[in-house]
Every structure is written in C-alpha cells, then in structure tokens.
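Reader: Morning. Can you walk me through this one? Keep it quick.

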Amino acid sequence: MSRRRTASTKKKLALLVTAAAVAGGGAFALATTSNASQSTAQNAKTLSAANSTVCQGLATALGNNQKFIDGQRAAPDAQSSARIANREAVIAQIKVQQKASGCAVGESAQDSQVAQPAQSAPAGSKTTPAATPPAAGNTGGAAAAGSQVCNGSTVTLSGEAGAPAASSNQFPAGTTLKVTNLDNNKSTTVKVTSVSGSCVLLNNAAFEQVREPGKFLIRRALIQKVG
C-alpha cells in the first residue's frame with residue numbers, strides 16, 4: 001500500500017509541474033504576442049505620421065507653384081509664358097513624387113492661413129480694430145540686413161534645378177537670405193533669383209542642404225536677410 005501511495009504522489013507532483021510549465025509558457029507566448037502587436041502598431045503609426053508630413057510638404061510645394069502661375073496669368077508680362085511653362089514642369093515633377101510617396105496626386109495646399117470668420121463681440125464691450133497686415137511684396141525688401149523676416153513662414157522646395165538659390169514674392173532678385181532649419185540646425189545662404197508665390201522657396205539644391213531625410217517641408221524655419 002505504501003508503494004502505491006508513494007507512486008501516486010509522485011505522479012501527481014509530476015503532473016502539477018508539467019501543468020505549471022505549460023501555463024508559464026502560454027503566458028510568455030501571450031506576452032510576446034502582445035509586445036509584437038504593440039510594436040507593429042507603433043511602427044505603423046510612425047510611418048503614417050512620416051508619410052503625412054511628406055504629403056503635406058509636396059502639397060504645399062504644388063500649391064505655391066500653382067499660386068505663382070495664377071499670379072503670372074493675372075498680371076502677365078513678356079516673360080510670363082516662359083515662367084509658367086517652367087512652373088508647370090515643376091508641378092508635373094511634384095505629382096510624380098506624390099505618386100511615388102503614396103500621396104493624393106495633384107493635392108494642393110497654399111502656404112497661407114485661411115481667414116477665420118469674425119465673431120460678434122458681446123453687447124457693451126469695446127473692440128479694437130485689428131491692424132491691417134502689410135501687403136505682400138512690400139515688407140521683406142525693406143527689412144534691415146541681419147534682421148529676421150517672414151516670421152512664421154514654412155519653407156518648401158520650388159522643384160527647380162540648378163545651383164542653390166531661392167525664389168520669393170517679397171524680396172527682389174539679388175537679395176541674399178539665410179535659411180535655418182531649427183529642427184536640425186542646418187543652414188543655407190542663398191540669393192533670390194526669381195519670383196514665387198511664397199515668402200521663400202528653396203530650389204532642390206538649396207533644400208537638400210537643410211532638409212531632414214524624407215521631408216519636403218520645414219515647419220520651424222529662421223529666415224534672415226543677409227548683408
């Protein structure tokens with residue numbers, strides 16, 4: 001009788017140990033699966049955010065070039081046809097980049113803030129007239145050398161080839177500007193060579209000097225007039 005009881009006890013202990021090991025292994029497997037799922041979700045979220053930034057930058061660049069074309073058509077001069085043809089070629093290249101990046105092809109975003117509707121003031125309250133913003137093209141050119149200009153402006157690429165250069169709707173050709181990307185502290189100093197629909201657009205070579213990998217938009221930029 002004692003031998004049977006001893007054997008039975010040993011079998012029970014063995015079964016308990018085996019069950020504990022299986023349960024522990026299952027818990028480990030569940031934990032590993034959960035961690036893998038969280039990692040996959042985080043990676044997908046990061047990729048989505050990066051792709052959103054790329055698409056927004058390309059849309060802004062396309063909008064800036066389209067705005068420039070609209071301006072040339074509204075007030076044409078002897079060089080307007082050539083400028084429009086050049087910018088249309090730039091827009092075509094941006095659309096190619098949009099398609100390659102999985103963005104909505106042809107999506108455009110202007111580099112300006114949409115005016116918000118005015119809200120009625122409470123009865124009996126006094127209101128102060130808002131200051132009228134200076135007209136584009138009349139502010140940047142008069143800025144003192146070394147001063148910060150285009151406060152709050154984002155910077156995108158014009159899509160133009162050639163040596164590092166910039167285009168602007170506020171500075172005449174020949175103006176030297178220093179553009180610093182505050183997200184990576186990279187700077188480039190370029191001359192304005194043409195007109196655009198934004199405060200500052202950098203051509204491809206200049207943009208490469210200050211860009212972050214995979215981005216077509218500089219959100220935090222310091223723009224200074226030089227010399």
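Author: One cut-off to begin with. Buried means under 20% relative accessible area. And keep in mind that this is a predicted model.

Reader: OK. Is R87 buried or exposed, then?

Author: Buried, because its relative accessibility is 1%.

Reader: Which element holds R87?

Author: Helix α2.

Reader: What does the side chain of R87 make a polar contact with?

Author: The side chain of N65, at 3.1 Å. The R87 side chain also reaches a backbone oxygen, that of V195, at 3.0 Å.

Reader: And which residues does R87 touch, leaving out those up to four places away in sequence?

Author: N65, F68, I69, E160, S167, S194, V195 and S196. Two of those come up again in the strands: S167 stands opposite S194 in β5.

Reader: Good, strands. In what sense do β3 and β5 pair?

Author: Parallel, over three bridges. Strand β3 covers residues 166-168.

Reader: How many bridges join β4 to β5?

Author: Six, and β4 and β5 run antiparallel. One example: T176 has K191 in β5 as its bridge partner.

Reader: What about the hairpin of β4 and β5? How many residues sit between the strands?

Author: Four. In that hairpin N185 takes a positive phi, near 60 degrees.

Reader: Switching topic. How many disulfides?

Author: Two, by the distance rule used here. Number the bonded cysteines in sequence order and the pairing reads 1-2, 3-4.

Reader: Take C55 first. Which cysteine does C55 form a disulfide with?

Author: C103, with the sulfur atoms 2.1 Å apart. The two are 48 residues apart, so to speak distant parts of the chain: C55 is in helix α1, and C103 is in the loop between α2 and β1.

Reader: Why is that disulfide called left-handed?

Author: Because the torsion about the S-S bond of C55 and C103 is about -85 degrees.

Reader: Are C55 and C103 buried or exposed?

Author: C55 counts as buried because its relative accessibility is 11%. C103 counts as buried too, at 10%.

Reader: And the other pair? What does C150 join to?

Author: C199, with an S to S distance of 1.5 Å. C150 and C199 are buried.

Reader: Now the core. How many residues are in the largest nonpolar core?

Author: There are 31. The members that touch the most others are C150, V155, F171, V200, L202 and I223.

Reader: Which elements give two or more residues to the core?

Author: The helices are α1, α2 and α3. The strands are β2, β4, β5 and β8. Helix α1 gives the most, with six residues.

Reader: Last one. What does L202 touch, again leaving out residues up to four places away?

Author: V155, T156, L157, S158, G159, A165, A166, V179, T188, V190, F207 and V210.

Conventions: Residues are numbered from 1 along each chain as its sequence is written. This is a predicted model: local features need pLDDT of at least 70, side-chain atom pairs count only at pLDDT 80 or more; totals for chains, interfaces and linings use all residues. Side-chain values use heavy atoms; hydrogens and water are left out. A nonpolar core is a set of buried Ala, Val, Leu, Ile, Met, Phe, Trp, Tyr and Cys residues joined through side-chain atoms within 4.5 Å. Buried means under 20% relative accessible area, exposed over 50%, partly exposed in between (1.4 Å probe, protein chains only). Contact means heavy atoms within 4.5 Å. A disulfide is a pair of cysteine sulfur atoms within 2.5 Å. A polar contact is a pair of N or O atoms within 3.5 Å; within protein, one must be able to donate a hydrogen and the other to accept it, and residues adjacent in sequence count only if both atoms are side-chain atoms. Two strands pair if DSSP finds at least two bridges between them.
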